[in-house]
Number of protein chains: 2
Amino acid sequence: MLIHELNGMLVKTAKGTKDMRALWFEKGVVRAIDQRLLPGTFKLVTIRSYKEMAKAISDMTIRGAPSIGAAAAYGIALAWLRGEDLDRAAKAIKATRPTAHDLFYAADLMLFQRDKNLVGAAGEYADGIVDMCRRIGEHGGKLVKDRDRILTHCNAGALATVDFGTALAPMRVAHRAGKDIFVYVDETRPRLQGAKLTAWELLNEGIDHAIISDNAAGHYMKDSVDLVIVGADRIARNGDFANKIGTYTKAVLAKENKVPFYVAAPASTFDSSLIRGEDIPIEERSEDEVLCLGKCRVAPRGSTALNPCFDVTPSRYVKGFITERGIMKPDEISSMKATGPAIYRGPAR
Amino acid sequence: MLIHELNGMLVKTAKGTKDMRALWFEKGVVRAIDQRLLPGTFKLVTIRSYKEMAKAISDMTIRGAPSIGAAAAYGIALAWLRGEDLDRAAKAIKATRPTAHDLFYAADLMLFQRDKNLVGAAGEYADGIVDMCRRIGEHGGKLVKDRDRILTHCNAGALATVDFGTALAPMRVAHRAGKDIFVYVDETRPRLQGAKLTAWELLNEGIDHAIISDNAAGHYMKDSVDLVIVGADRIARNGDFANKIGTYTKAVLAKENKVPFYVAAPASTFDSSLIRGEDIPIEERSEDEVLCLGKCRVAPRGSTALNPCFDVTPSRYVKGFITERGIMKPDEISSMKATGPAIYRGPAR
């Protein structure tokens with residue numbers, strides 16, 4: 001099967017299985033799956049302005065670095081369509097979340113093309129991301145052997161990347177190629193994107209999996225996990241990368257147990273302006289995400305929490321970066337900086 | 001301040017601060033703090049028979065290795081008091097949970113003394129545990145320096161050990177000696193004993209702390225944590241030990257970041273019959289603990305979970321065992337096997 005014939009994310013609805021993206025442009029508005037409600041409720045939201053888009057990124061209706069990149073592009077396209085100030089729109093969108101590089105990258109690319117049809121440019125940006133994710137799947141799929149047990153953290157699936165996924169793309173490709181795989185899904189506290197979103201994608205896809213508490217990853221890394229694949233929110237020039245809090249822990253466990261640890265990410269996640277991982281800004285989110293489960297407080301009144309949303313993993317823990325260009329070693333990463341501009345020319349063929 | 005003058009667990013109630021144990025014998029019944037309801041509700045339960053005690057251990061009304069050891073002793077004392085078959089009582093109690101050594105140890109000690117007053121013997125057993133915990137605090141407190149930032153996992157406090165705590169005992173002693181300490185409290189999914197119980201104990205004690213998601217431990221281990229102290233559920237002869245799932249992960253993170261990693265445990269937790277950690281039976285609990293938060297399912301219907309309650313940490317990660325006899329290196333552990341029988345002769349002086 002050729003990779004370009006592959007469907008993207010399969011979503012099972014009451015009306016059957018649909019091939020669907022996490023967000024898309026449609027008749028002057030953006031439609032997006034509300035990721036806060038999954039897996040209990042599948043609901044599409046309509047976003048009509050850059051302000052609504054900034055809110056959707058802030059409140060994590062749309063989340064995942066490549067998806068919020070596309071959301072930024074679409075948000076600025078909405079501003080363009082309504083004749084609004086593009087710089088103001090870009091500023092508002094960039095102020096939503098600090099860590100994912102894609103957000104800033106996509107916004108700047110839109111501003112760079114301000115004399116074009118930005119609805120078209122945003123669509124090309126999103127298509128470019130999807131195309132890169134397919135290629136990540138194609139390259140990464142070769143790393144996955146029949147009967148492999150793979151651990152992943154958070155959600156780096158189609159929901160996080162418009163379609164197909166970064167970390168999940170190699171698993172989709174391997175599964176569709178008939179390989180028998182099993183996925184350990186870190187539940188990924190505090191927001192449980194693993195238990196809620198990754199499990200939902202794997203279930204829709206028919207990929208065998210089990211959710212584990214983040215605490216159990218070490219136990220299974222000792223003798224059951226063959227491969228770890230995670231996504232990234234921002235990758236510095238030396239290959240250090242930020243990803244969901246807990247990623248560093250899995251990288252250390254993988255090293256200790258000699259389990260290959262891969263990072264899957266498209267060019268939009270590579271930030272050539274940062275020399276080292278320590279320079280990546282880390283978002284601190286509300287302590288209520290830790291102190292409460294849903295609306296119910298679990299911690300004693302009077303206790304506080306610290307809630308960094310991301311951590312930084314040094315490149316020495318990474319066996320390879322799975323990119324649209326192939327598998328790259330950490331020391332090959334600096335060459336990625338030249339790839340960016342290709343994105344907004346649309347999918348490479 | 002002499003260690004024997006120290007209070008045990010301080011519990012703030014509407015009627016003021018009380019010095020209280022996790023469980024105790026009182027007028028023919030056992031009274032225990034219901035640990036499932038903390039920190040939201042402080043409630044004492046009354047346990048009148050070994051069957052009720054077995055249920056209280058199974059459903060985790062009483063939890064923590066030394067506390068369930070005391071619960072086992074009290075449970076068999078209740079059977080003795082009612083003239084019931086002691087072997088049957090011990091069998092039922094031993095069948096509740098497989099991992100903590102204290103449970104089996106305490107039950108066997110009671111059977112060994114079957115011709116004595118077992119209410120007295122159980123009380124002496126509990127007093128012995130509390131005395132050991134005080135000594136653990138005394139020895140371990142010396143490891144804690146002013147301004148230390150300490151990470152702990154799960155709850156190895158007074159609730160888990162009848163009084164005072166194992167991992168928390170050195171922190172109590174350091175705090176009461178006027179040292180300024182800060183504790184990173186792993187929330188400890190899936191049952192959140194850190195966020196619920198350890199935070200509650202530290203808050204009552206006035207010790208500065210913050211709850212973190214288990215995923216954030218690595219982030220803080222990189223440059224903020226000075227010391228890790230955890231408890232244990234069973235320690236094999238080579239120093240490998242079982243403790244709450246996620247402990248192995250913290251040990252690996254500590255090693256990687258050169259943070260000293262200590263295990264605090266009384267003699268009742270050392271199992272001289274097991275040569276290696278791999279021989280420790282690991283309890284697998286209901287997948288609902290992972291798939292649901294309280295009664296609310298978070299994972300998609302159709303997804304499954306794996307839920308090992310404990311993991312095994314090899315002794316090479318342990319800088320020292322904090323015991324009632326002092327700080328011991330892993331290779332000194334085998335000598336602990338001789339200490340057991342001293343317990344039921346009551347507190348050593």
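This is a predicted model: local features need pLDDT of at least 70, side-chain atom pairs count only at pLDDT 80 or more; totals for chains, interfaces and linings use all residues.
Biologist: How do you know that the second largest pocket lies between domain 1 and domain 2 of chain B?

Modeller: Residues of both domain 1 (3-131) and domain 2 (137-335) of chain B take part in its lining, so the second largest pocket lies between them.

Biologist: Which elements of chain B each supply at least two residues of that lining?

Modeller: They are α8 (193-205), α11 (288-291) and β13 (292-293) of chain B. Helix α8(B) gives the most, with 3 residues. By class, the lining of the second largest pocket holds 7 nonpolar, 3 polar and 8 charged residues.

Biologist: What makes B:Q193 a buried residue?

Modeller: Buried means under 20% relative accessible area. The value for B:Q193 is 4%, so B:Q193 is buried. This residue is found in helix α8 of chain B.

Biologist: Which residues does B:Q193 touch, not counting those up to four places away in sequence?

Modeller: B:Q193 touches B:M60, B:R63, B:C154, B:N155, B:E187, B:T188, B:T198 and B:K244.

Biologist: What is the volume of the largest pocket, and which residues are closest to its centre?

Modeller: The largest pocket holds about 1,000 Å³ of space. It is lined by 41 residues, and the closest to its centre are A:K196, A:L293, A:G294, A:K295 and B:L293. Two or more lining residues come from each of α8 (193-205), α11 (288-291), β13 (292-293) and β14 (296-297) of chain A, and from β14 (296-297) of chain B. The largest share, 3 residues, belongs to α8(A). The lining of the largest pocket divides into 19 nonpolar, 8 polar and 14 charged residues.

Biologist: How do you know that the copies meet through the same surface?

Modeller: Of the interface residues of chain A, 100% are also interface residues in chain B, so the copies meet through the same surface.

Terms used. Residues are numbered from 1 along each chain as its sequence is written. Chains are lettered from A and ligands numbered from 1 in the order in which they are written. Side-chain values use heavy atoms; hydrogens and water are left out. Contact means heavy atoms within 4.5 Å. On a 1 Å grid over the protein atoms alone, a cavity is a set of points where a 1.4 Å probe fits but cannot get out, and a pocket is an open set with protein on both sides within 12 Å along at least five of seven lines; lining residues have an atom within 4 Å of a point. Grid points are joined across faces, edges and corners, and a volume is the space filled by probe spheres set on the points. Helices (H or I, at least four residues) and strands (E, at least two) are DSSP runs, numbered from the N terminus. Ala, Val, Leu, Ile, Met, Phe, Trp, Tyr, Cys and Pro count as nonpolar, Asp, Glu, Lys and Arg as charged, and the others, Gly among them, as polar. Domain bounds come from an automatic or database domain assignment. Buried means under 20% relative accessible area, exposed over 50%, partly exposed in between (1.4 Å probe, protein chains only).
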